[in-house]
Each structure stands twice: as C-alpha cells, then as structure tokens.
Amino acid sequence: HTGALPEDDAHIARALADVATIGILQERAIHRGETIVEQLEGALHSRVLIEQAKGVLAERGQLDMNEAFQRLRAYARSTNIRLSTLAADVINGHADTGALIAAHSTTA
C-alpha cells in the first residue's frame, strides 16, 4: 500500500532505526578503542627499546642515562632514522655504537 505507515508500524520502524544506529555507534567506539590500544602498545614497545638502547650506550660509553639518550636522539636525527628503529639496531648489535657514543648531544 502507498501512503503513510500506521502509527504502530512507524514506532516500530523508528525503534529499529534507533537500535541500528546504536549498534553502528558502538562498533565505531570499539574500533576506536582498539586503535588506541594498538597505538599505546606500540608506544610502550618503542619506549622499552629506547630504554634498553640507552642502557647499552651508557655502559659502553661510560655515560649517564640522560647523556646516552641525548646521543641516541642526536644520531637518529642526523641520520634520519626513527629513534625506535635505531634503538632496536643498538640492542641487536646492528648499529655502530662507537659512532653513537661519539655523536654530539643536542639539547632541544
């Protein structure tokens, strides 16, 4: 039939549309939450790598932890390497720690 829906059917249609909207919004919220969790886990992993690399440099170069970080950061900037990538290379023995230790620290 053409024409307006009976009032009861219109109420049911609105209720179903509301439920569908809530479901879509809930799915979006869950997805955003998962994205944030992934980003935080990535940041934490990077931070752990950086802390370990600082320890390696501090021990090998007889540096304090702050100076080790400054040199790590300076080397990453001067060579255009992500800090977490450089840290992983230091930990795995793939980076030239002598060059890192010799890097001049910069204060930002």
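The chain holds 4 helices and 0 strands, where helices (H or I, at least four residues) and strands (E, at least two) are DSSP runs numbered from the N terminus. From the N terminus on, the elements run α-α-α-α. The radius of gyration of the chain is 27 Å, well over the 13 Å that the globule rule gives for 108 residues, so the chain is more spread out than a compact globule. That radius is taken over C-alpha atoms, and the globule rule is 2.2 Å times the number of residues to the power 0.38. Along its principal axes, the C-alpha trace spans about 85 × 25 × 20 Å.

This is a predicted model, in which local features need pLDDT of at least 70 and side-chain atom pairs count only at pLDDT 80 or more, while totals for chains, interfaces and linings use all residues. Residues are numbered from 1 along each chain as its sequence is written, and side-chain values use heavy atoms, with hydrogens and water left out.

Of the 108 residues in the chain, 25% are buried; buried means under 20% relative accessible area, exposed over 50%, and partly exposed in between (1.4 Å probe, protein chains only). Among contacts (heavy atoms within 4.5 Å) between residues at least 6 apart in sequence, 57% join residues at least 24 apart.

**Helix 2**

Helix 2 covers residues 65-79, and its 15 residues should span 21 Å at 1.5 Å a residue; the end C-alpha atoms are 21 Å apart, which agrees. The expected span is 1.5 Å times one less than the number of residues. The buried residues of helix 2 are A68, F69, Q70, R71, L72, R73, A74 and A76. Their cover includes helix 1 (7-61), helix 3 (83-92) and helix 4 (97-102). At the start of helix 2, a side-chain oxygen of D64 comes to within 3.1 Å of the backbone nitrogen of N66. Just after helix 2, N80 takes a positive phi of about 60 degrees.

| Residue | Relative accessibility | Class |
|---|---|---|
| T97 | 14% | buried |
| G42 | 34% | partly exposed |

T97 has its place in helix 4. Leaving aside residues up to four places away in sequence, T97 touches L57, R60 and V90. G42, by contrast, lies in helix 1. Between G42 and A88 there are 46 residues of separation in sequence and 13 Å in space, C-alpha to C-alpha.

Terms used: Polar contact = N/O pair within 3.5 Å; in protein donor to acceptor, adjacent residues only side chain to side chain.
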